Amino acid sequence: MLSTASVAARAPCGIGASRRQQRGAAARGRRQFCLVRAAKGDVLLEIHDLQAKVAATGKQILKGVTLTVREGEVHAIMGKNGSGKSTLSKVLVGHPDYEVTGGSAAYKGVDLFELEPEQRSHMGLFLSFQSPVEIPGVSNIDFLRIATNARRKAAGEKELDPLEFYAHVMPKLEALNMDPAFLNRNVNEGFSGGEKKRNEILQLACLEADMAILDEIDSGLDIDALRDVSKAVNGLKSQQQDMGILMVTHYKRLLDYIRPDYVHIMQEGRIVTTGDMGLVDKLEESGYSVLSSSA
Ligand SMILES: Nc1ncnc2c1ncn2[C@@H]1O[C@H](COP(=O)(O)OP(=O)(O)O)[C@@H](O)[C@H]1O
Ligand SMILES: [Mg+2]
């Protein structure tokens, strides 16, 4: 495992460090909190020939995924159910159900698989789950504040007390058109599908992640909720223009709101085709079968 200190050693403070990191490090004078940060337009996430299997059964799911996301880019991954999209998302954040069997993935120049899941999160990698979990007994606002403070602490920033956090979260809640009552409910408990998805984006907004992986954020959303969630993601993106986004979706309607720079099609654990929105139109017309015969 790579410690935070050794990650920091690869990026001297002030050189390639984000404003957040520079501010925090200067304030606390603690060099070990300077995490690696790519310069604008630099590669954020570089996945090469990634292979992974289900740890429990040994079933090989990812069979060589290659993909590069630069700062500020939006990538969409489409593909049939069972092609490995969620597995790829979960492997990147370190889900314990999967074992990496080959290839590589670097985030901000650091080998992702040498980092613990929480270190990946502290470095600004975020995954919104396709099926967000319910956490009974934990209030949403406490959860959001603890997660936000964990990232701030790792970056050497001042942690937010409950009042400060309230001021931090309220505008984000408003942007998502979410009722403040959601803050006092238990995390996702009794939330509708759409409410859970909004809550995922609320987490992303609070954490101010640098690389967001959004797994089917449109599933379970009605058209109004889809518009609100997309608006919130676009709003975040305009505030954090360097944020990279990798979004998994089945539907063009999400991509009409959050326009991707690249569209990838995944099949049987590999990306078989890459294009732009034109590829989505082709898919809408002909379905995946035509693509596989022309890929
Ligand atoms: N934890 C797991 N245990 C067993 N099989 C799994 C697990 N995760 C994924 N799979 C299998 O891997 C394949 C790909 O799943 P997934 O990545 O969820 O696909 P997608 O998101 O593209 O629909 C499916 O056949 C699925 O059943
Ligand atoms: Mg999936």
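In helix 7, residues G194, K197, R198, I201, L204 and A205 meet A225, V229, A232, V233 and L236 of helix 8. By class, this contact of helix 7 with helix 8 comprises eight nonpolar, one polar and two charged residues. The model in which these contacts occur is a predicted one. The axes of the two helices, helix 7 and helix 8, come within 10 Å and cross at roughly 10°. Because angles under 35 degrees count as roughly parallel, helix 7 is described as roughly parallel to helix 8.

Helix 7 spans residues 193-207 and has 15 residues. From its first C-alpha to its last, helix 7 reaches 22 Å, which is close to the 21 Å expected at 1.5 Å a residue. The buried residues are K196, K197, R198, N199, E200, I201, L202, Q203, L204, A205, C206 and L207. The elements covering them include strand 6 (125-128), helix 5 (140-154) and helix 6 (162-175), together with strand 9 (211-215) and helix 8 (223-239). Helix 7 is followed by E208, for which phi is positive, near 50°.

Two of the elements that cover helix 7, strand 6 and strand 9, belong to an open sheet of six strands. The strand order in this sheet is 6-9-10-3-11-12, and the pairing is mixed. Strand 6 and strand 12 (270-275) are the edge strands, each pairing on one side only. On average, neighbouring strands of the sheet are turned by 20° against each other, with direction ignored. Helix 3 (residues 85-93) packs on this sheet, where it touches strand 3 (74-79), strand 6, strand 9, strand 10 (244-248) and strand 11. The direction of helix 3 makes about 145° with that of strand 9.

Strand 9 and strand 10 pair in the parallel sense over five bridges, and M247 in strand 10 is the bridge partner of L214. Strand 3 and strand 10 are likewise paired in the parallel sense, over four bridges; here the bridge partner of H75 is L246 in strand 10. Five of the five residues of strand 10 are buried, so this strand is largely enclosed by the rest of the structure. G244, L246 and V248 point one way from strand 10, whereas I245 and M247 point the other way, and all are buried. Elsewhere in the sheet, strand 11 (residues 262-267) and strand 12 run antiparallel and are joined by five bridges. V263 has G275 in strand 12 as its bridge partner.

A further open sheet consists of four strands in the order 2-1-4-5, with antiparallel pairing. Its edge strands are strand 2 (60-70) and strand 5 (110-111), each of which pairs on one side only. Strand 1 (residues 43-54) pairs with strand 4 (residues 98-107) in the antiparallel sense over eight bridges. In this pair, S104 in strand 4 is the bridge partner of H48.

Note on methods. Residues numbered from 1 in each chain as written. Chains lettered and ligands numbered in written order. Predicted model: local features only at pLDDT ≥ 70, side-chain atom pairs only at ≥ 80, totals over all residues. Pairing = 2+ DSSP bridges. Expected span 1.5 Å × (residues − 1). Buried ≥ 20, exposed ≤ 12 C-beta atoms within 10 Å, placed from the backbone. Contact = placed C-beta atoms within 7 Å. Axes fitted to C-alpha atoms, helices over the stretch in contact; angles between N-to-C directions. Parallel < 35°, antiparallel > 145°, perpendicular 65-115°, else oblique. Nonpolar A, V, L, I, M, F, W, Y, C, P; charged D, E, K, R; others polar.
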